[in-house]
There are 2 protein chains.
Amino acid sequence: MNVTLHGKTRHYRTVAFDTAKNAVLLIEQRLLPHEFKIVATRDYRETARAITDMVVRGAGAIGATAAYGLAQGTRAFRGSDLEKFFRHVEAVYQTLAAARPTAVDPVNAMNDVRRHMASGETVAEQQALALAAAEDFANEDVRHCEEIGRHGAKLIRNGMRVLTHCNAGWLAFVDIGSATAPLYAAQTQGKKFHVFCDETRPRSQGATLTAWELAQQKVSHQIIADNAAGHLMQRGEIDLVIVGSDRVLGRTGEVANKIGTYTKAVLAARHEIPFYVAIPLSTIDWNLKRGFDIPIEDRHESEVLGAWGVTKSGKREYVRVANPSSHHHARRHLPSGRTLAATART
Amino acid sequence: MNVTLHGKTRHYRTVAFDTAKNAVLLIEQRLLPHEFKIVATRDYRETARAITDMVVRGAGAIGATAAYGLAQGTRAFRGSDLEKFFRHVEAVYQTLAAARPTAVDPVNAMNDVRRHMASGETVAEQQALALAAAEDFANEDVRHCEEIGRHGAKLIRNGMRVLTHCNAGWLAFVDIGSATAPLYAAQTQGKKFHVFCDETRPRSQGATLTAWELAQQKVSHQIIADNAAGHLMQRGEIDLVIVGSDRVLGRTGEVANKIGTYTKAVLAARHEIPFYVAIPLSTIDWNLKRGFDIPIEDRHESEVLGAWGVTKSGKREYVRVANPSSHHHARRHLPSGRTLAATART
């Protein structure tokens, strides 16, 4: 999407590749909204570290990063010995897979790249195929989000006030985003609407990422504390909710997403406000049978404590925190919970 | 309640009076949980400033602070000219009333003190009556909270997990608190239970004040991001919700409280979890006819932005915030919403 710096507007993808330098280019998301910076990883280990350290986050974005990282590592191999090459590729793969062990997207993306590589007969052919496959993967991610936008824009009517939670925006994908795709498409069509961005404590992705994104695209928006959404719904000031998802169960329709999503779904049901989950097909898990089987990451309490400057120390042993990072909500809790999954099935 | 400093445990009230120094003694709440400090205001202007600057907050606490402040100002008068004295008292009253213009508690408390002063015939008599009335006001506040605790403790059973929002604890009153009163009383009775403190963004009173309070009384507790409550309820990990209130409409039973309370009430209804509002009678407004008539303070956006270090400046004009500070929720949204108001009616 577009970013305006010093008065100049340029298009950026969240994840891209510099073929000449064999570098993965990433928007350094930890600096937003304070600073916009592109980092170029010099080798696949740096790429893996960028995933681990949350320079890049979001399902689509880390999938593409791992795909490019595998191509990057593959292309760094010197020589023509296929056996040595395979061992090298395996090491690259394992390093990138271990970068965020609970995520499935990097592994799926890399498996895709490896499948395409297999048709090459020489090291050089496989290196070229790896890069082409990574590029295809990234372009597919963009195309899926474009489709979500094309279908989802129909939901947005003039004057609507839309709530979103966390960041399922272009920073979470290669471009455009899932929950934001209908917004950006509607904006392009000239529709007027307003977006409320949940702050999304404890990591505040709504306040730091989604609000920044929307500002860059000049979409009318406001940040609200997570506590304020119920109040706004009670007063009839929210017409539509659109969120993304970490995982949707294909068998049951259950949705897992950032902590707080379930709360917004219950509130939307109470107030009969349509609630949409916008995802590409790759988010659907066809194996799991029950939402309660989705693993929930218990993250560090410093994420909660950080906002008010308390650190856990001997002096403050009374500070105790529970910090589940995401949760699932059963389909029965979704009021108008038709997902936009089908929009990516083109 | 008790505070342990350097291994020594001592009892403190949130608001107290030093007769010899004619000073109001306040726990400096803005420093919590980092530092425990008692400030002594030297004159009524300093007392008014302490209310304005949020050194002290909470309905009962600022009521008592204003009552003591009026006595403090009254006692500072030198001379016996009744007419000059009345003008002086009026100036003190107006200064304290203007300290937090939207709050009704300081005005109610000071009217109470003035009523008692009226039976004095000399300046000296009225000065003595003012102090006695302020002390009575503070002691009454404590007694009401004790009664809430006595009745409310029956709600707490062994093994229960209780959610509370914001701070309706002893720091919001002279002592004991309203929402916390049942917890402290149950603790004294030897019951075992666990408390989840909502962080309560944007000002985070749950994380900074309630958690600190509970730690001082050695009540088992954890801080959670406001987003986590629905997740815990969905998993059956919350058995009871107790909150305080800024204002309850006597005519309709509607409750106004810190932003986010309504959300928790809707979630509790969804999961059939009992939801109690613990208040002294002074919180009941017998005049207003509709909850939607309760004025909602739109507070400064810096409260929302502060947590992630963004300030509004020329460079960051894209940062927009909506920050309503409290809201009302209609009685029909309260599931088992019997209030504990009656417990203070003794």
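**Close-up views of helix and sheet packing**

**View 1. Residues at the contact of helix 1 and helix 2 in chain A.** In this predicted model, A:Y44, A:T47 and A:I51 of helix 1 of chain A meet A:I62, A:T65, A:A66, A:G69, A:Q72 and A:G73 of helix 2 of chain A. Sorted by class, the contact of these two helices comprises 4 nonpolar, 5 polar and no charged residues.

**View 2. Packing geometry of helix 1 and helix 2 in chain A.** Helix 1 (residues 44-52) and helix 2 (residues 59-75) of chain A pack at an angle of about 165°, and their axes are 9 Å apart. Helix 1 of chain A is therefore roughly antiparallel to helix 2 of chain A. The crossing of helix 1 of chain A with helix 2 of chain A is left-handed.

**View 3. The open sheet of chain B.** Three strands are arranged in the order 3-4-5 with antiparallel pairing. Strand 3 (15-18) and strand 5 (38-41) of chain B each have a single partner strand and stand at the edges, so one side of each lacks a neighbour in the sheet. From one strand to the next, the twist averages 30°.

**View 4. Pairing of strand 3 with strand 4 in chain B.** Strand 3 of chain B and strand 4 (residues 23-27) of chain B run antiparallel and are joined by 4 bridges. Opposite B:A16 stands B:L25, in strand 4 of chain B.

**View 5. Helix 1 of chain B on the sheet.** Helix 1 (residues 44-52) of chain B packs on the sheet and touches strand 4 and strand 5 of chain B. The direction of helix 1 of chain B makes about 135° with that of strand 5 of chain B.

Methods: Residues numbered from 1 in each chain as written. Chains lettered and ligands numbered in written order. Predicted model: local features only at pLDDT ≥ 70, side-chain atom pairs only at ≥ 80, totals over all residues. Heavy atoms only, no water. Axes fitted to C-alpha atoms, helices over the stretch in contact; angles between N-to-C directions. Helix = DSSP H or I, 4+ residues; strand = E, 2+ residues; numbered from the N terminus. Parallel < 35°, antiparallel > 145°, perpendicular 65-115°, else oblique. Left-handed = near helix turned anticlockwise from the far one by under 90°. Contact = heavy atoms within 4.5 Å. Nonpolar A, V, L, I, M, F, W, Y, C, P; charged D, E, K, R; others polar. Pairing = 2+ DSSP bridges.
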